[in-house]
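Keep the model open beside you and find each place as we go.

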Amino acid sequence: MFTCKWHGGTQVLKRAVLKKREYGAKYTQNNFITAVRAMNEFCLKSSDLEQLRKIRRRSPHDDTEAFTVFLRSDVEAKALDVWGSPEALVRERNLRKEVEREYQENIFRNQQLLKEYKDFWGNTKRTPFLQGPGKVVMVAICINGLNFIFKLLAWVYTGSASMFSEAIHSLADTCNQALLALGISQSVRNPDAGHPYGFSNMRYIASLISGVGIFMMGAGLSWYHGVMGLLHPQPIESLLWAYCILAGSLVSEGATLLVAINEIKKSAKQHGLTFYEYVMQSRDPSTNVVLLEDAAAVLGVTLAAGCMGLTSLTGNPLYDSLGSLGVGTLLGAVSAFLIYTNTEALLGRSIQPERVQKLTEFLENDPAVRAVHDVKATDLGLSKVRFKAEVDFDGRVVTRSYLEKQDIDQILNDIQQVKTPEDLENFMLKHGENIIDTLGAEVDRLEKELKQRNPEVRHVDLEIL
């Protein structure tokens, strides 16, 4: 807008500029506040809000189209009218906080009583150990527990260092798989306020601790017993029973290994991955641990039997000690792999580039999107993905989307009424705020469609450039 002025007989056009506005604390009183916050923060009743000005706003949630908000200045004025003074309002807030604290303590006590009741009568909640990784882990716990008992008895009878290493190996497997079972049970917990993305990483944490346990308990003790056997060789008794127990262990460990292999094959097929890719990416850490532990167990039993056979043939106990060292080295390699893969998963690794490209192309093909930048797609575990991107929206498309829902004749009439900078400001403020709401609705639409087309994407964060 321009204004005309005469200066020295010459007409001068001067551009009209809106005066820069200073936004202070008073301006924030025009902020919106929901009914729940108004009642909680200002100690009001729902009836107190009925006489206040109500404003309908776009809801950020998919299941509701709009909700009612109030001006903060109106709510503050009503609170002073109800309570008489700011001091009285503060006293009421403190009193309600104390009541809330006592209420939470009562809830906690009731939850403890309910837990004790369930522990006494038995909790009928469905467990995750009847199928999938949970079933594999429970089968492994039972078999390795029995193997440990029989191998321990064989070591007591024969004094074989290799048999001692195998007994420790089975004990380490049993303890670690019990830890995996704990991780599985915790990973299926629902998200809460303290953990909004859930507890799926508990499987990786349990597998990481399991890897450390294999290294310290399995590999460490096997190496120690093997070294002691080399330094202080002892005569070995009859190995017949040891061979029988090793043969039984080979069959049982092989059976558990086949269960783990079949489970991984099925899961890999569902995710469109090869068996090798699924294992290397640690998609299912619990089943991975069982797979590697049982594979090491089968190789360890074979190695122990071979070294014990050489000792029987030659009468030299050093071969048996070397077998113990070999089993320890095998366990060390397995633990190193588990520690590495689970650490990578816990650090927040990206999903495959092909899947990232697919998600990015979906956004780029939308008419409202001009460009997509800084894309991050993180694997949260258990086939859950968090997707984040910075989106440059096409303002023209967003504006047209807004205009399609408006009365164009009314807007034209409003434009004709604009005569002064103040009229222009009011016009722009009115429609500018509505266009921002339309932009927010476009973000909600894209997030919803992205989740519907890609069920593995559980959390979407689109940032507007």
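Val82 is found in helix H3; helices here are DSSP runs of H or I with at least four residues, strands are runs of E with at least two, and both are numbered from the N terminus. This is a predicted model, where local features need pLDDT of at least 70 and side-chain atom pairs count only at pLDDT 80 or more, while totals for chains, interfaces and linings use all residues. Residues are numbered from 1 along each chain as its sequence is written, and side-chain values use heavy atoms, leaving out hydrogens and water.

Back to Val82. Is Val82 buried or partly exposed? Val82 counts as partly exposed, because its relative accessibility is 37%, and the scale runs like this: buried is under 20% relative accessible area, exposed is over 50%, and partly exposed is in between (1.4 Å probe, protein chains only). Now look for Leu44, which is 38 residues from Val82 along the chain, yet their C-alpha atoms are separated by 7.9 Å. Leaving aside residues up to four places away in sequence, Val82 touches Leu44 and Asp48, where a contact means heavy atoms within 4.5 Å.

Helix H3 itself covers residues 72–83, which makes twelve residues. From its first C-alpha to its last, H3 reaches 16 Å, close to the expected 16 Å at 1.5 Å a residue; the expected span is 1.5 Å times one less than the number of residues. Ser73, Asp74, Val75 and Ala79 are buried in H3. Just after H3, Gly84 takes a positive phi of about 95°.

Speaking of phi, most residues other than glycine have a negative one. Cys43 has a positive phi, near 55°, and is not a glycine. You'll find Cys43 in the loop between helix H1 (35–42) and helix H2 (46–49). Cys43 is buried, since its relative accessible area is 3%. Asp374 is another non-glycine residue with a positive phi, about 50°, and its place is in strand E6 (residues 369–381). With 36% relative accessibility, Asp374 counts as partly exposed.

Next, find Phe42. The charged end of Arg93 sits over the ring of Phe42, 5.3 Å from the ring centre. For that label, NZ of Lys or CZ of Arg must be within 6 Å of the ring centre and within 35 degrees of the ring normal.

Rings can also pair with each other. Rings of Phe, Tyr and Trp (its six-membered ring) pair if their centres lie within 6.5 Å, and planes under 30 degrees apart count as stacked, over 60 as edge-to-face and the rest as tilted. By this rule the count comes to one aromatic pair. Phe215 and Trp223 form that edge-to-face pair, at 6.0 Å centre to centre with 80° between the planes. Phe215 is partly exposed at 39% relative accessible area, and Trp223 is partly exposed at 29%.

Now move to Ile168, in helix H6 (residues 161–187). Ile168 is buried, because its relative accessible area is 9%. Which residues does Ile168 touch, not counting residues up to four places away in sequence? They are Met217, Gly218 and Leu221. Ile168 and Gly220 are 52 residues apart in sequence, but 9.9 Å apart in space, C-alpha to C-alpha.

Two polar residues come next. Asn342 sits in helix H11 (residues 318–346) and is buried, with a relative accessible area of 1%. A polar atom of the Asn342 side chain lies 2.8 Å from the backbone oxygen of Leu338. His431, found in helix H15 (residues 421–453), counts as buried at 9% relative accessibility. The side chains of His431 and Tyr402 are joined by a polar contact of 2.8 Å; a polar contact is a pair of N or O atoms within 3.5 Å, and within protein one must be able to donate a hydrogen and the other to accept it, with residues adjacent in sequence counting only if both atoms are side-chain atoms.

Finally, zoom out. The protein has 15 helices and eight strands, and 37% of its 465 residues count as buried.
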